Amino acid sequence: MTESASGAAPSPNSGRRRWWATPARVATWCAGATLAALVGLLMLLAVALSVAYPNLPEISGLADYRPRLPMRVISADGVLLGEFGEERRIYTPIAQIPRVMQEAVLAIEDARFYRHSGVDYLGIVRAGLAQFNRAKSQGASTITMQVARNFYLSTEKTFTRKIYEILLALKIESQLSKDQILELYMNQIFLGQRAYGFAAAAEIYFGKPIKELTIAEAAMLAGLPQAPSAYNPIANPQRATRRQQYIIQRMYENGFITEEQAEAAHRQPLRYRPQSDSGTHAEYVAETVRQLVHSQYGDETTTRGLDVHVTVDSSDQFVAYRALRRGLLNYERRQVYRGPEDYVDLPADPADLDVRIAEALADHPDNDELKAAVVLEASPRKVVAALQSGESITVTGDGLKPVTSGLSEKAGPKTQIRRGAIVRAVKGPKGDWILTQQPEVEGAFVSIDPRTGAIRALVGGFDFGKNKFNHVTQAWRQPGSSFKPFIYSSALEKGFTAQTTVNDAPLFFDAGATGSQPWEPKNYDGKFEGPMLLKQALAKSKNMVSIRVLQAVGTQYAQEWATRFGFDADKHPPYLTMALGAGSVTPLQMASAYSVFANGGHRVNPMLITRITDNQGRLLRDVQPPEVDESMRVIDARNAFVMTQLLGEVTRAGTAAAVHQTFRRADLYGKTGTTNDSMDAWFAGYQPHLAAVVWIGYDNPRKLGDRETGGGLALPVWMEYMAHALKKLPQVDPVVPEGVVQRGSDWIYDEYGPGAGVSSVGMDDKLPQAPTDEERKGILDLFRR
């Protein structure tokens with residue numbers, strides 16, 4: 001026996017014709033197998049119909065499909081601020097789902113959808129043959145069958161369930177149109193990231209409405225139904241891209257797109273919405289809305305697809321968020337460094353380093369612009385650290401000042417910055433990195449349209465994820481000197497004017513005047529300047545003058561007067577300490593109260609929700625801004641006008657003079673506020689069309705620092721916000737009301753002209769006398785002894 005050229009022995013049958021492998025016989029066999037499969041399937045369906053069909057569930061509910069839809073909070077300018085619900089879904093009628101999205105789904109899930117009656121028999125045979133030949137898995141479930149499975153059946157893979165799936169599909173097709181079925185599918189299917197339906201997925205993955213999707217983006221989303229986790233483009237970009245490219249090809253093969261469109265879609269780079277992106281950062285707004293809506297709709301709040309439209313402007317909200325965080329971070333840099341958040345042992349092998357850093361930072365996520373970093377090397381002059389992104393940063397010079405004590409050789413083991421320390425870093429205004437720490441201090445910001453009460457921006461704290469306590473609405477704090485304007489307002493009704501002279505001299509009170517203990521108040525700077533005009537005293541925030549004004553007005557009268565602005569009488573006891581803002585207010589109360597001055601004397605309640613609609617767009621609630629009329633007046637127009645002039649002096653030449661220096665506008669008014677021992681810092685100010693309030697302090701009250709004031713802490717936040725807001729607000733010249741006359745540069749009530757009203761207060765009180773030369777000599781003699 002000889003061997004073949006290849007070295008293998010020839011087959012004994014090598015010379016015979018393989019009669020069983022002729023093309024004709026193979027084709028005949030396949031046709032027979034297909035026919036047999038179809039006959040078998042039909043027989044099986046016939047048996048199933050007679051036994052199972054009567055037991056199928058009623059599907060009439062599909063025609064009136066009401067999915068669990070989240071509540072969405074939408075800004076005044078149409079931006080999504082937040083949503084609440086286990087399922088993130090935007091129910092979209094099929095007519096509003098773009099063709100490109102429909103065709104991408106049909107191309108990969110069921111290209112014959114509009115040509116079969118719910119069951120694609122050719123597809124089933126094709127899948128069976130593929131399975132027989134151990135070829136690549138072929139999908140046999142039509143979109144209608146998937147609807148049947150998603151709504152009525154379990155996910156177990158059994159022969160019985162498949163039969164019920166087929167029968168349900170046939171029943172669904174007999175009662176619903178193709179478009180109705182496709183609409184159900186495209187709104188119900190789970191697509192990962194808590195997204196149900198393609199409209200929600202478009203927002204979540206790409207940050208855009210479904211109508212704006214490109215072919216490439218639609219193809220990416222169409223790949224998700226088969227395995228949302230495996231084909232998640234953010235978690236598994238390579239696998240997801242391979243499937244997307246295949247779907248684009250299928251769209252071309254099915255005639256949905258042209259060759260040129262396919263080539264362009266294959267090349268298009270995709271940009272995904274960052275998963276940490278909260279957009280305008282309106283978390284406190286959204287939660288406030290949820291609570292308000294829940295009080296009316298109960299458990300249906302987060303399931304019936306309510307769209308809640310609010311007064312907040314998205315751009316104002318974002319700027320307010322950034323301004324408050326910047327102010328708190330700037331304050332934090334001046335505080336003693338408390339040490340790294342944690343320490344981690346880093347491997348010596350560089351190959352293992354990246355994984356260990358990622359593991360360590362998983363427990364210390366970034367806080368927006370405040371990045372977590374693992375220190376790789378540290379010295380008093382340079383720190384090198386790695387971010388969660390894998391980026392390495394180097395910090396030198398002024399970027400190390402906030403953590404100087406942690407880089408000292410004398411630093412303790414819990415405060416020292418060394419290799420493996422987990423620290424925080426933030427980019428400076430010039431793009432350089434600065435090491436800092438998570439703020440312990442808190443803050444609040446709120447702005448209101450004084451004419452309607454509409455809240456334009458609300459930031460309830462530094463980080464909603466860390467502290468959900470809303471300091472705008474829930475924090476009762478001492479307002480300090482920012483409460484003085486309400487005392488001065490009451491004094492205008494008692495004959496005081498901008499030109500009343502009040503003595504800034506020392507005072508001492510026994511326990512009866514304060515309700516607790518003897519009291520010797522001081523001015524913030526510790527100085528006494530003697531007699532000064534009322535307008536100067538308010539501009540300089542002189543405590544002694546405010547107390548004397550309150551003494552003259554009467555504490556009971558001033559307490560009652562304050563309630564006109566919305567303050568609670570029981571939170572402002574009628575003692576002289578009220579002159580220095582020793583009561584309790586919330587930032588929202590303060591914004592509403594200052595709005596009374598801004599709008600000419602009317603009290604307008606804050607409003608947040610403007611309307612509520614259901615998922616079909618039907619109007620459920622419509623809240624119109626109130627029309628301001630005399631029934632809402634709480635103080636005379638002339639009182640509001642004169643107080644506005646006095647508060648203009650504060651922003652022109654007083655403790656808030658930076659306002660005028662920065663904006664050079666004559667329609668900005670306000671008052672700084674710093675409480676006793678600097679535990680609270682405030683600025684409350686307004687333009688006739690916008691009032692805004694900033695508060696900064698610790699949740700458990702403690703000193704902010706001897707040099708920290710409302711003008712230094714809160715005012716910069718207010719000014720950063722107003723720099724944005726004033727671009728939309730032209731300057732408003734004051735309208736002089738009836739009942740006032742001008743004396744020099746000041747406006748006073750016309751009945752308090754020369755010889756009338758209160759001309760002076762406390763002039764008999766003496767300033768502390770400087771020691772004489774003889775007294776100084778005696779003091780020196782004592783020290784020499």
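1. Asp345 lies in the loop between strand β6 (342–343) and helix α13 (350–362); helices (H or I, at least four residues) and strands (E, at least two) are DSSP runs numbered from the N terminus. At 70% relative accessibility, Asp345 counts as exposed, a term for over 50% relative accessible area, with buried meaning under 20% and partly exposed in between (1.4 Å probe, protein chains only). Its C-alpha atom is separated by 8.5 Å from that of Arg356, 11 residues apart along the chain.

2. The model is predicted: local features need pLDDT of at least 70, side-chain atom pairs count only at pLDDT 80 or more, and totals for chains, interfaces and linings use all residues. Residues are numbered from 1 along each chain as its sequence is written, and side-chain values use heavy atoms, with hydrogens and water left out.

3. Beyond its neighbours within four places in sequence, Tyr721 is in contact (heavy atoms within 4.5 Å) with residues including Phe445, Arg456 and Ala457.

4. Strands β12 (residues 442–448) and β13 run antiparallel and are joined by 4 bridges; pairing requires at least two DSSP bridges. Phe445 stands opposite Val459 in β13. Strand β13 (residues 455–459) is largely enclosed by the rest of the structure, because 4 of its 5 residues are buried.
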